[in-house]
Amino acid sequence: MSIFAAIVWRELRRAWSTGGLLMPIAFFLLVAILFPFAIGPDARLLARVGGGVIWAAALLAALLPVERLVTPDAESGVLDQFAVRGFSDAGVAAAKMVGHWLGFAPALLAATLVAAALLHLPAGALLPLLAGLAIGTPGLAALGIATAALVAGLRGAGALAGLVMLPFAVPLLIFGAGATGDQPGHSSCLRR
């Protein structure tokens, strides 16, 4: 097994065994459950903002495991061992990104079906939303790894990670939320 595959497998095991997968998906679904209570039961309004809500929830859910992505490996010397064995920092980052993405994106895409139903998204908007998330979540994983590397070892890294990552995630959020906005039967039925 190559070092790249070993790192990916290690990240997947860590996500599944330490509950690193459960918390982001639970958070994502809680946002989808609580949002209709916050703005009311108006199905048209929920359908209109649902894509943006799902993308914002996905972005915030991707922030939750940031502290466990790089800091434990930096503190235990695992990253130094990779460097000693000749594996580049870019290669480690790429493998961690793939492992992080595989650890949360498939479950997030499955949870999106539930969230879309809770937010009354029309059927025509579901496929573009899922496609946008499938395309955009690798970007969220890459931002998560980059942010984790920037804040590794700092006190209060979780709060700082949000401040660092959110400005860079705005283009992804705009892309993703915009992917569901112009669907036939979606925006036209919502205009008054």
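Below are legends for a handful of close-up views of this predicted model.

A few ground rules: local features need pLDDT of at least 70 and side-chain atom pairs count only at pLDDT 80 or more, while totals for chains, interfaces and linings use all residues. Residues are numbered from 1 along each chain as its sequence is written, and side-chain values use heavy atoms, with hydrogens and water left out.

**View 1. A salt-bridge network joins Arg10, Glu11, Arg14, Asp73 and Lys96.**
A salt bridge here is a side-chain nitrogen of Lys or Arg within 4 Å of a carboxyl oxygen of Asp or Glu, and the count by that rule is five. Start with Arg10 and Asp73, whose side chains meet at 2.9 Å, N to O. Arg10 sits in helix 1 and Asp73 in helix 4 (residues 71–76), so this pair ties together parts that are 63 residues apart in sequence. (Helices are DSSP runs of H or I with at least four residues, strands are E runs with at least two, and both are numbered from the N terminus.) Asp73 also bridges to Lys96, with the closest N and O atoms 2.6 Å apart. Lys96 belongs to helix 6, so here the link spans 23 residues in sequence. As for cover, buried means under 20% relative accessible area, exposed over 50%, and partly exposed in between, using a 1.4 Å probe and protein chains only. Asp73 is buried at 1%, Lys96 is buried at 2%, and Arg10 is partly exposed at 25%.

**View 2. Arg14 has a salt-bridge partner and a backbone contact.**
Arg14 is in helix 1 (residues 3–17) and counts as buried, at 13% relative accessibility. Its salt bridge to Glu11 comes in at 3.9 Å, N to O. Arg14 and Glu11 are three residues apart in helix 1, so about one helical turn separates them. Glu11 is buried too, like Arg14. The Arg14 side chain also reaches the backbone oxygen of Arg68 at 2.9 Å. That is a polar contact: a pair of N or O atoms within 3.5 Å, where within protein one must be able to donate a hydrogen and the other to accept it, and residues adjacent in sequence count only if both atoms are side-chain atoms.

**View 3. Trp55 and Phe175 make an edge-to-face pair.**
Rings of Phe, Tyr and Trp (its six-membered ring) pair if their centres lie within 6.5 Å; planes under 30 degrees apart count as stacked, over 60 as edge-to-face and the rest as tilted. The ring centres of Trp55 and Phe175 are 6.5 Å apart and the planes sit at 80°, so the pair is edge-to-face. Trp55 is buried at 1% relative accessibility, whereas Phe175 is partly exposed at 40%.

**View 4. The largest nonpolar core holds 37 residues.**
A nonpolar core is a set of buried Ala, Val, Leu, Ile, Met, Phe, Trp, Tyr and Cys residues joined through side-chain atoms within 4.5 Å. Phe28, Ile54, Phe104 and Leu140 touch the most other members. Helix 2, helix 3, helix 6, helix 7 and helix 8 each give two or more residues. Helix 3 gives the most, with ten.

**View 5. Gly50 and Pro122 have C-alpha atoms 9.7 Å apart.**
The two residues are 72 positions apart along the chain. Gly50 is found in helix 3 and is buried, with a relative accessible area of 0%.

**View 6. Six residues form a nonpolar patch on the surface.**Leu30, Ile33, Leu34, Phe37, Val114 and Leu118 together have about 580 Å² of accessible area. Patches take residues with over 30% relative accessible area and no salt bridge, joining like charges within 9 Å and nonpolar side chains (Val, Leu, Ile, Met, Phe, Trp, Tyr) within 5 Å; accessible areas come from the Shrake-Rupley method with a 1.4 Å probe, and for residues only the protein chains shown count as cover. Helix 2 (22–39) and helix 6 (89–118) each give two or more residues to the patch. Helix 2 has the largest share, four residues. Leu118 is in helix 6 and is partly exposed at 33%.

**View 7. His120 has a positive phi.**
Most residues other than glycine have a negative phi. His120 is not a glycine, yet its phi is about 55°. His120 is in the loop between helix 6 and helix 7 (123–151), and is partly exposed with a relative accessible area of 42%.
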